[in-house]
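Hi,

Here is the structure I promised to pass on. Have a look at it first, and my notes follow below.

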Amino acid sequence: MITLNTPAPARRDTTPPPVPWRRLTWVSWRQYRMSAAGAAAFLGVLALYLLIMGLRIRGAYAAVADCSLSAPGKRCVGAFLLFDNDYFLIAETSAAVLLAVPALAGVFAGAPILARELDSGTFRFAWTQGAGRTRPTLARLALPALTLTAAAAAFSQLFGWFFYPFFAGREFAQASAFAPIYFTLTGIAFAAWTLTAFAIGALAGVLIRRAVPAMAAALAAWSGLLLATLLFLRRHYEAPLTTRTGQTSPSSWVISNWWTGPNGHRVTSENQIIAILNGGPHPGYTQWTIYQPATRYWHFQLIEGGWLLALSLLLIAATIWMVRRRAA
Amino acid sequence: MNVIETSGLGKRYGSTWALRNFTVAVPAGHVAALVGPNGAGKTTLLNLAVGLARPTAGAVNVLGGEPAGSPAALDGIAFVAQDAPLYKNLPAADMLQLTGNLNRRFDHGYAQERLAELGIPLKRRAGKLSGGQQAQLALTLALARRPRLLVLDEPLANLDPLARHDFMGMVLAAAAEDGMSVVLSSHVLAELERVADYLILVSGGRVQVAGEVDELLARHRVLTGPAAEAGRIAQRLSVVHARRAEAQAHLLVRTGGPGDPVPPGWEAHPVSVEELVLAYLREPGAAALPGPARTQKAEPTEVSR
């Protein structure tokens with residue numbers, strides 16, 4: 001009889017070679033083929049909508065921009081106003097819908113993967129196969145994570161194109177790419193937020209073990225993180241600039257704006273501010289503006305993309321660790 | 001070689017010990033049945049052996065010394081869990097492909113042949129198959145891996161008698177062909193008689209009886225005689241369980257072998273697996289272990305009819 005509890009180095013060579021990644025990826029693909037088809041259909045419709053609406057918006061904008069070039073003046077300001085009136089609400093609504101994409105990735109792609117396996121008992125099948133737990137789980141998470149992140153990256157390109165007339169360097173541009181929502185939807189941030197949502201979902205799934213509660217938890221956690229970032233975190237990536245002239249570089253992200261009176265105290269009455277603004281020059285009154293200049297856009301994108309990527313990898317590592325130690 | 005070997009094994013869920021100080025060795029080349037009342041720790045033991053659970057105390061080694069759950073152990077053991085979990089939305093053909101891709105070895109030819117024999121349509125989703133067919137599919141997937149050890153947790157629970165017969169027939173055929181060892185837990189005692197040649201009786205998280213079925217049967221017998229003398233006989237012999245019907249008493253006793261003398265006025269009958277198991281299940285205090293039997297000299301309770 002073999003002595004127990006003795007680690008025998010000679011036994012190492014009985015370790016079989018691992019099952020190749022190619023085969024594990026096939027398994028991952030086969031299990032999510034249906035959900036992938038659903039996701040592709042949804043995203044396809046969304047992309048088609050952005051494309052068609054984008055062509056209309058850009059067509060209308062081209063006409064307005066031509067007007068501004070050929071006959072600058074009052075008539076064109078009116079044309080711009082009319083254009084914004086016709087299309088800005090549609091564009092803004094589309095942006096809000098797009099913001100739901102990462103949330104859906106977390107809820108419908110990330111959360112169910114392990115929650116369903118644990119809830120339905122199929123983990124007893126999956127985790128007792130020759131390939132073990134770690135590599136198949138990694139393959140199952142990596143495939144949807146990578147495809148969703150790539151899809152999100154493509155969508156933020158599409159959105160940038162679609163929304164261009166409102167960001168454009170024209171007078172009275174409606175939106176700044178640095179504004180909280182648009183910053184999230186453009187650059188690399190959107191792909192990073194999608195990956196993070198997926199990773200949050202996956203971890204929620206293995207922790208909660210039941211699909212619907214895990215989906216709800218993933219949605220809550222991701223929304224909370226996004227809100228905290230928009231409201232508190234992002235503005236601190238770099239120390240903001242302050243100006244006393246009321247003039248900021250175009251498309252800057254204005255964080256706060258206030259007036260001080262001749263005595264140096266902050267003007268709190270709205271009527272007083274209106275009076276200052278209407279009174280032409282306002283000796284003794286100073287307009288303070290704290291802002292992030294638009295030139296920092298890519299720097300901020302890299303910071304946000306970087307920490308979200310690090311967080312996602314950490315969450316996926318935690319998920320794998322939970323799978324490894326999860327006992328029946 | 002022992003296919004499962006535990007020493008001082010303990011598993012605690014919360015504050016309850018499902019298994020405690022559990023030591024057993026299941027030799028290779030057997031169809032070993034794990035029998036015991038609900039909550040005895042059978043499923044816990046199997047989960048530990050296939051690496052789904054980790055021991056709280058002690059160790060489980062499988063396949064002659066591989067730690068449970070190690071790559072070599074996972075490679076050599078196929079497990080069919082209770083209720084045969086399968087991906088219900090996948091067709092049978094895809095379950096084959098999937099299992100093939102999750103293992104280094106997979107005998108596609110064998111699997112397809114078995115499913116054809118069983119009349120399981122390859123295109124039908126696993127969830128749409130009958131309970132018996134799902135169990136058959138899960139077993140086919142396990143056997144096509146050509147495991148050295150097949151572990152089955154309550155494989156017969158939801159099957160009708162015919163499906164039970166076919167299921168165990170397939171297990172026995174594979175065991176005879178490949179020299180594969182089998183460890184299964186079951187409540188279905190009648191079926192065990194036909195298939196198991198090694199018996200492990202678990203009760204209250206410890207081993208009560210373990211040994212080859214033939215040997216266990218040879219070392220036990222039923223004595224039938226006048227009820228009035230039952231008490232006197234019980235003092236001289238190692239009685240596992242006594243049952244009194246009218247004026248007659250039936251004593252299931254341990255013996256040295258068939259040659260042991262029978263008390264005058266009593267009749268000796270060979271014991272069946274079912275009788276043996278039931279007797280021990282009714283007497284959780286009694287134990288018959290291989291080697292020097294650890295017999296507790298507790299007075300057996302009498303069950304009157």
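This is a predicted model: local features need pLDDT of at least 70, side-chain atom pairs count only at pLDDT 80 or more; totals for chains, interfaces and linings use all residues.

H5(B) itself is 14 residues and spans 20 Å between its first and last C-alpha, close to the 20 Å expected at 1.5 Å a residue. Most of H5(B) is covered, with 12 of its 14 residues buried. Among the buried ones are B:Gln133, B:Gln134, B:Leu137, B:Leu139 and B:Ala144. What do the buried residues of H5(B) pack against? They sit against strand S6 (77-80), H3, H4, strand S7 (149-153) and helix H6 (161-178) of chain B.

The H4 partner is worth a look. The axes of H4 (residues 108-118) and H5 (residues 131-144) of chain B come within 9 Å and cross at roughly 160 degrees. An angle over 145 counts as roughly antiparallel, so that is how H4(B) and H5(B) run relative to each other. Their crossing is right-handed. On the H4(B) side the contact is made by B:Tyr110, B:Ala111, B:Arg114, B:Leu115 and B:Leu118, while H5(B) brings B:Gln133, B:Gln136, B:Thr140, B:Leu141 and B:Ala144. By class, that contact has 6 nonpolar, 3 polar and 1 charged residues.

Now for the two chains. Their contact takes 30 residues from chain A and 32 residues from chain B. On chain B, the elements giving two or more residues to the side that touches chain A are strand S1 (2-13), strand S4 (57-62), helix H2 (71-76) and helix H3 (92-101). That side of chain B has 15 nonpolar, 9 polar and 8 charged residues.

Cheers

Technical notes
Residues are numbered from 1 along each chain as its sequence is written. Chains are lettered from A and ligands numbered from 1 in the order in which they are written. Two residues are in contact if their C-beta atoms, placed from the backbone, lie within 7 Å. Helices (H or I, at least four residues) and strands (E, at least two) are DSSP runs, numbered from the N terminus. Ala, Val, Leu, Ile, Met, Phe, Trp, Tyr, Cys and Pro count as nonpolar, Asp, Glu, Lys and Arg as charged, and the others, Gly among them, as polar. Axes are lines fitted to C-alpha atoms, for helices over the stretch in contact, and angles run from 0 to 180 degrees between N-to-C directions. Angles under 35 degrees count as roughly parallel, over 145 as roughly antiparallel, 65 to 115 as roughly perpendicular and the rest as oblique. A crossing is left-handed if the near helix is turned anticlockwise from the far one by less than a right angle, and right-handed if clockwise. The expected span of a helix is 1.5 Å times one less than its number of residues. A residue is buried if 20 or more other C-beta atoms lie within 10 Å of its own, exposed if 12 or fewer, and partly exposed in between; C-beta atoms are placed from the backbone.
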